[in-house]
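Hello,

Here is the structure for you to look at. My notes on it follow below.

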Amino acid sequence: TYVKNPPYFDAMSMTPPALEDVRGARVLALLGDSVTTDHISPAGNIARNSPAARYLVEHGVDPKDFNSYGARRGNHEVMMRGTFANIRLRNLLVPGVEGGVSVHLPDGEQASIYDVAMRYRKEGTPLVVLAGREYGTGSSRDWAAKGAMLLGVKAVIAESFERIHRSNLIGMGVAPLQFLPGQNVSSLGLTGREVYTIAGLSRGDAAEVTVTATPQPGKPVKFTARLRIDTPKEREYYRHGGILQYVLRQLATAGSAA
């Protein structure tokens with residue numbers, strides 16, 4: 001339970017698959033300003049009533065031996081269960097509640113962010129995160145991006161990003177999208193309960209994408225967002241599905257040519 005082979009290379013081919021737009025997505029978390037990597041990344045001791053604790057108990061670990069997320073960072077099953085689980089996180093999809101809680105839509109059932117994400121995964125529903133200014137501030141914390149990807153997050157739409165976390169998201173194949181100046185969740189009238197489509201990602205070279213948020217029921221809200229993939233190398237990483245896949249394919253190509 002301390003080390004487990006992660007799924008980053010499962011079913012990976014030597015040729016990057018075609019990029020795809022995001023369709024039929026739901027919002028996993030609707031967040032405010034200055035959400036730090038400490039809010040996102042698993043950290044501290046593992047709470048006894050958490051999804052990570054349930055996993056460890058199911059695998060024969062006594063609660064006194066849970067240890068911390070840092071000690072178990074080699075097991076992605078533990079770490080993804082601790083992503084967005086900070087007790088101070090405020091997911092505005094569940095007003096008045098602090099901690100890693102979300103709501104499954106359209107039925108409205110509240111559960112841990114991990115459990116909601118897994119329900120969406122079973123349904124084949126991709127996920128997005130909506131946020132305000134300075135998303136991902138603080139230390140780099142690679143698991144803030146790894147955990148989001150493992151939960152099924154395909155894009156984060158924010159007013160602005162901290163530089164390193166933006167790069168880390170790309171490195172895990174998650175698209176960082178930025179509202180245009182003067183626009184945000186509030187100005188666009190978004191609630192986080194809409195169904196989202198992101199068109200333009202499949203082009204590979206897009207500087208902007210079109211996001212359509214469709215309430216159930218209601219009139220769709222369509223807006224343009226900047227795709228914050230800022231360098232040619234970052235575009236290569238994203239095209240490959242992340243930096244890990246990019247490096248492995250480069251090594252394999254070099255090895256076959258030797």
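Buried means under 20% relative accessible area, exposed means over 50%, and partly exposed lies in between (1.4 Å probe, protein chains only). Helices (H or I, at least four residues) and strands (E, at least two) are DSSP runs, numbered from the N terminus.

This is a predicted model: local features need pLDDT of at least 70, side-chain atom pairs count only at pLDDT 80 or more, and totals for chains, interfaces and linings use all residues. Residues are numbered from 1 along each chain as its sequence is written, and side-chain values use heavy atoms, with hydrogens and water left out.

Contact here means heavy atoms within 4.5 Å. Just after H2, Gly-60 takes a positive phi of about 80 degrees.

Ser-112 sits in strand E3 (residues 109-112). Ser-112 counts as buried because its relative accessibility is 15%. Leaving aside residues up to four places away in sequence, Ser-112 touches Pro-51, Gly-100, Val-101 and Ser-102.

**Salt bridges**

The whole structure holds 18 salt bridges. Each is a side-chain nitrogen of Lys or Arg within 4 Å of a carboxyl oxygen of Asp or Glu.

- Glu-77 pairs with Arg-81, with the closest N and O atoms 2.6 Å apart. Both lie in helix H3, 4 residues apart, about one turn of the helix. Glu-77 and Arg-81 are both buried.
- Arg-133 and Glu-159 meet at 4.0 Å, N to O. Arg-133 is in the loop between strand E4 (127-130) and helix H5 (143-151), and Glu-159 is in the loop between strand E5 (153-158) and helix H6 (163-171), so the pair ties together parts that are 26 residues apart in sequence. Arg-133 is partly exposed, at 44% relative accessible area. Glu-159 is partly exposed too, at 21%.
- Asp-205 pairs with Arg-203, the closest N and O atoms being 3.5 Å apart. Asp-205 is exposed, at 52%. Arg-203 is exposed, at 55%.
- Arg-166, Arg-228, Asp-230 and Glu-234 are linked in a network.

**The core**

The largest nonpolar core has 73 residues. Such a core is a set of buried Ala, Val, Leu, Ile, Met, Phe, Trp, Tyr and Cys residues joined through side-chain atoms within 4.5 Å. Phe-84, Tyr-135 and Leu-177 have the most contacts inside it.

Best wishes
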